[in-house]
Amino acid sequence: MKNDFMTRREAVTGLGVGIAGLAVSPAFGAESNIEPSNGFAGMENPTTKYPRPPFKPQQQPFPGLSSKMDPQPDNGEKSYKGSGRLTGRKALITGGDSGMGRAAAIAFAREGADVVINYLPAEEEDAKEVIDLITKAGRKGYAIPGDLREETFCKRLVEDSVKRMGGLDIVVSNAARQQTKPSILDISSEDFDATMKTNIYGPFWLLKAAIPHLNPGSSIIVTTSEQATDPSPELFDYAQTKAANTSTVRSLAKFLAPKGVRVNGVAPGPIWTPLQVAGGATNEKLMQFGKATPMGRPGQPAELASIYVQLADNGASYSTGQIYGAMGGGGQP
Ligand code: NAD
Ligand code: MG
């Protein structure tokens, strides 16, 4: 037995080495991530890989810019390495200028896909950086700004994407509005309406327009949230839209499975993105952002990129109607 299993003492000693390694690991940084840790080349310690709270208080007007965040989010700009998993694919990503959408756009391009990103006109600066990164990856990147709260725009976005890329086979419905309010009592009808329009009507119009273009092998990926299953009181309106997004995944998956089109969701926990610093969280919450997770820090968009790739990839051909979580050890998809 002793040869096969660690004794309690060995296990405790091993743990001690782990903690010592933790103390000397680099604090953070995309390039330092690939430093060997604990003596094994290529190993990364997820607890020390990225910044931990406390963070500086910061607020931007909605929808916010990634370039103005401190610290800067890691969207995989320096770290994501492709291996041809999506060669020749054609992807449309809403909210592709920043956060998870940007991480997915960079990863898809480096995996060989052409990518259309949609965003709000106020986010042009972030969007330009993404198009530049897609181009540098040797793929075609198209920027189509516009407001998903308008049905006519959602239809035009899909039609223009199909025209520019010569087809469509990956749709990432990822854009969303999150504005924190102490409780239901503080939410105006205008606020409620804007959240519903962005997070429920937008995806409805977008997906309805996109589905007729999708051939067998295509993949729809919806960004939902841990809020779908564990809603916070201060995100009353947002949380119910995320429950709707999760329902969209499960319902559409049943409709589209016989047609060979897969539909899956990604459910992030607290992730360091503009959404949170542009009205999505109070400064009080931001300063301790991610601390309550077992990992003790927020996630970075780059840490979810491989999930979007996996869900789009042919290799995941039996996965549909699933919600993949990335929550630092807490929550549930
Ligand atoms: P983000 O701010 O980077 O992305 C959201 C994007 O939504 C914006 O970039 C903007 O382009 C787009 N958007 C908002 N309103 C729009 C409108 N009316 N028309 C067109 N585009 C619009 O933030 P993010 O956190 O990367 O958000 C991406 C997804 O992740 C969202 O669905 C969000 O609900 C989800 N999510 C985020 C977190 C988190 O902690 N950041 C946690 C769980 C789920
Ligand atoms: Mg943005």
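Analyst: Happy to. Let's start with Ser98: serine 98 has a relative accessible area of 11%, and buried means under 20%, so serine 98 counts as buried. Please keep in mind that this is a predicted model.

User: What makes aspartate 97 buried or exposed?

Analyst: The relative accessible area of aspartate 97 is 1%. The cut-off for buried is under 20%, so aspartate 97 is buried.

User: Which residues coordinate the magnesium ion (ligand 2), and how do you know that they are donors?

Analyst: The magnesium ion (ligand 2) is coordinated by Asp97 through OD, Ser98 through OG and Glu123 through OE. Their distances run from 2.1 to 2.2 Å, and a donor has to be within 2.8 Å of the metal, so these atoms qualify. Water is not among the atoms, so the site may look incomplete. Along the sequence, the spacing of the donor residues reads D-S-x24-E.

User: How do you know what span to expect for helix α3?

Analyst: The expected span is 1.5 Å times one less than the number of residues. Helix α3 covers residues 124–136, which is 13 residues. From its first C-alpha to its last it reaches 18 Å, close to the 18 Å expected. Just after α3, glycine 138 adopts a positive phi of about 85°.

User: Why are the buried residues of α3 said to be on the same side?

Analyst: The buried residues are Asp126, Ala127, Val130, Ile131, Leu133 and Ile134. They cover an arc of only 160° around the axis, and therefore sit on the same side of α3.

User: Why is the pair of glutamate 129 and arginine 102 called a salt bridge?

Analyst: The closest N and O atoms of glutamate 129 and arginine 102 are 2.6 Å apart. The limit is 4 Å between a side-chain nitrogen of Lys or Arg and a carboxyl oxygen of Asp or Glu, so the pair qualifies as a salt bridge. Glutamate 129 lies in helix α3 and arginine 102 in helix α2, so the pair ties together parts that are 27 residues apart in sequence.

User: What accessibility labels do glutamate 129 and arginine 102 get?

Analyst: Glutamate 129, with a relative accessible area of 34%, is partly exposed. Arginine 102 has 3%, which is under the 20% cut-off, so arginine 102 is buried. Salt bridges that share partners join Glu77, Arg102 and Glu129 into one network.

User: How do you know that lysine 56 and aspartate 70 form a salt bridge?

Analyst: Their side chains meet at 2.6 Å, N to O, and the limit is 4 Å, so the pair passes. Lysine 56 and aspartate 70 lie in the loop between α1 (8–24) and β1 (90–94), so the pair ties together parts that are 14 residues apart in sequence.

User: What makes β1 largely enclosed?

Analyst: Four of the five residues of β1 are buried, so β1 is largely enclosed by the rest of the structure. β1 and β2 pair in the parallel sense over five bridges, and alanine 91 stands opposite valine 115 in β2.

User: And why do we say that β4 and β5 pair?

Analyst: Pairing needs at least two bridges between the strands. Strand β4 (residues 170–173) and β5 have four, in the parallel sense, so they count as paired. Valine 171 stands opposite isoleucine 220 in β5. Both faces of β5 are covered: Ser219, Ile221 and Thr223 are buried on one side, and Ile220 and Val222 on the other.

Key
Residues are numbered from 1 along each chain as its sequence is written. Chains are lettered from A and ligands numbered from 1 in the order in which they are written. This is a predicted model: local features need pLDDT of at least 70, side-chain atom pairs count only at pLDDT 80 or more; totals for chains, interfaces and linings use all residues. Side-chain values use heavy atoms; hydrogens and water are left out. Helices (H or I, at least four residues) and strands (E, at least two) are DSSP runs, numbered from the N terminus. Buried means under 20% relative accessible area, exposed over 50%, partly exposed in between (1.4 Å probe, protein chains only). The arc is that of the directions from the helix axis to the C-beta atoms. Donors are N, O and S atoms within 2.8 Å of the metal (3.2 Å for Na, K and Ca); water is not among the atoms, so sites may look incomplete.
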